[in-house]
Amino acid sequence: MAGQPKAGAESGAPVGRRAMLGMLGAGAAALAAAPYLQRGWEGFLGAASQVDSTGLTGLLPNPGGFRYYSVVGSVPHKDDTNYALTVGGLVDKPKTYTLADLRAMPQTRVVADVVCTDGWRVDDTPFEGVKLADILDASGVRSSGAAVRFTCFDGAYSESLTLEQARRSDMLVALKMQDKPITHEHGGPVRLFVAPMYFYKSAKWLSGISVTDKVVPGFWEERGYAIDGWLDGADRHAA
């Protein structure tokens, strides 16, 4: 009869609403799970990079933005029980710091964009740690000192800065990244953070600081990278 509604019209609307609610629920669940999934994927990438001599894991997508690289097959893990940072070279008072020593020193927070020469970047990334200048001052740099060389407990990586660059306030011996302790995959427990330069200058797994009389090219500089890896637009004369 013309005055009666069609059966399909009555049953179709509730099904549409149920489908829509189901999709919204699935979307909400995916959003809720996203941080856990992302952390799991980042953990996989980080672990895989430690045994990947080809560097191909660094090309895999990562929603967190960071890529993972190591120049050796595997890197030992360090923590409160066995980490040490040695400071030497052209200094009057060589020192060795434990993690507890570094944590007890005044901490500085620097927020800057992380930019890789491969084209990826993570904007507004907070790092926190001890100013490199404070560590150099505590060791008493000799007048013949002109540069700083950094070595790492992976046994291969190295980096360098001029003494003037090393004394900038945005150069850190970093203990935290994104307001959390730096993980092993990100170069922890201690890494260098060189805010105004490309990320290859921010050496991971930092274990040694040595004052030298000249700049010694680092791992990537020996392979054609710029010794001064300034970011475009960086203030090269900032204090």
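Predicted model: local features only at pLDDT ≥ 70, side-chain atom pairs only at ≥ 80, totals over all residues.

Student: Why is Ser 202 called buried?

Tutor: The relative accessible area of Ser 202 is 2%. Buried means under 20%, so Ser 202 is buried.

Student: What makes Thr 125 count as buried?

Tutor: Its relative accessibility is 1%, and the limit is 20%, so Thr 125 counts as buried. Thr 125 is found in strand β4 (residues 121–131). Its contacts, apart from neighbours within four places in sequence, are Phe 66, Val 110, Val 111, Ala 112, Val 114, Met 177 and Gln 178. For the protein as a whole, buried residues make up 42% of the 239 residues.

Student: How many aromatic pairs does the structure hold?

Tutor: There are eight aromatic pairs. One of them joins Tyr 157 and Phe 219, with ring centres 5.7 Å apart and planes at 25 degrees.

Student: Why is the pair of Tyr 157 and Phe 219 called stacked?

Tutor: Rings pair if their centres lie within 6.5 Å, and planes under 30 degrees apart count as stacked. The centres of Tyr 157 and Phe 219 are 5.7 Å apart and the planes stand at 25 degrees, so the pair is stacked.

Student: Which parts does this pair tie together?

Tutor: Tyr 157 lies in the loop between β5 (147–152) and β6 (158–162), whereas Phe 219 lies in the segment after β10, so the pair ties together parts that are 62 residues apart in sequence. Tyr 157 counts as buried at 11% relative accessibility, and Phe 219 counts as buried at 12%.

Student: What makes the pair of Phe 219 and Trp 220 edge-to-face?

Tutor: Planes over 60 degrees apart count as edge-to-face. The planes of Phe 219 and Trp 220 are at 90 degrees, and the centres are 5.1 Å apart, so this pair is edge-to-face.

Student: Why is Trp 220 described as partly exposed?

Tutor: The relative accessible area of Trp 220 is 27%. Buried means under 20% and exposed over 50%, with partly exposed in between, so Trp 220 is partly exposed.

Student: Which residues do ring pairs link into a cluster?

Tutor: The cluster is formed by Tyr 157, Tyr 200, Phe 219, Trp 220 and Tyr 225.

Student: Where does the charged end of Arg 223 sit?

Tutor: The charged end of Arg 223 sits over the ring of Phe 219, 3.7 Å from its centre. Lys 78 lies over the face of Phe 153, at 5.7 Å from the ring centre. A charge over a ring must be within 6 Å of the ring centre.

Student: In what order do the strands of the open sheet stand?

Tutor: Five strands form the open sheet, in the order β2-β1-β10-β5-β6, and the pairing is mixed.

Student: What makes β2 and β6 edge strands?

Tutor: β2 (95–97) and β6 each have a single partner strand, so one side of each is left without a neighbour in the sheet. The twist from one strand to the next averages 20 degrees. Even so placed, β6 is mostly covered, since four of its five residues are buried.

Student: How do you know that β5 pairs with β10 and with β6?

Tutor: Two strands pair if at least two bridges are found between them. Six bridges join β5 to β10, which run antiparallel, and five bridges join β5 to β6, also antiparallel. Thr 151 stands opposite Gly 208 in β10, while Arg 149 stands opposite Ser 160 in β6. In the hairpin of β5 and β6, with five residues between the strands, Gly 155 takes a positive phi near 85 degrees.

Student: Where does pLDDT stay under 50?

Tutor: Residues 1–36 stay under 50, and the model has one contact beyond four places in sequence for them. Residues 51–63 also stay under 50, with 23 such contacts. The mean pLDDT of the protein is 82, and 72% of its residues reach 70 or more.

Technical notes: Residues numbered from 1 in each chain as written. Heavy atoms only, no water. Buried < 20%, exposed > 50% of the residue type's maximum accessible area, 1.4 Å probe, protein only. Phe/Tyr/Trp six-rings, centres within 6.5 Å; stacked < 30°, edge-to-face > 60°. Helix = DSSP H or I, 4+ residues; strand = E, 2+ residues; numbered from the N terminus. Lys NZ or Arg CZ within 6 Å of the ring centre and 35° of its normal. Axes fitted to C-alpha atoms, helices over the stretch in contact; angles between N-to-C directions. pLDDT = per-residue confidence, 0-100. Contact = heavy atoms within 4.5 Å.
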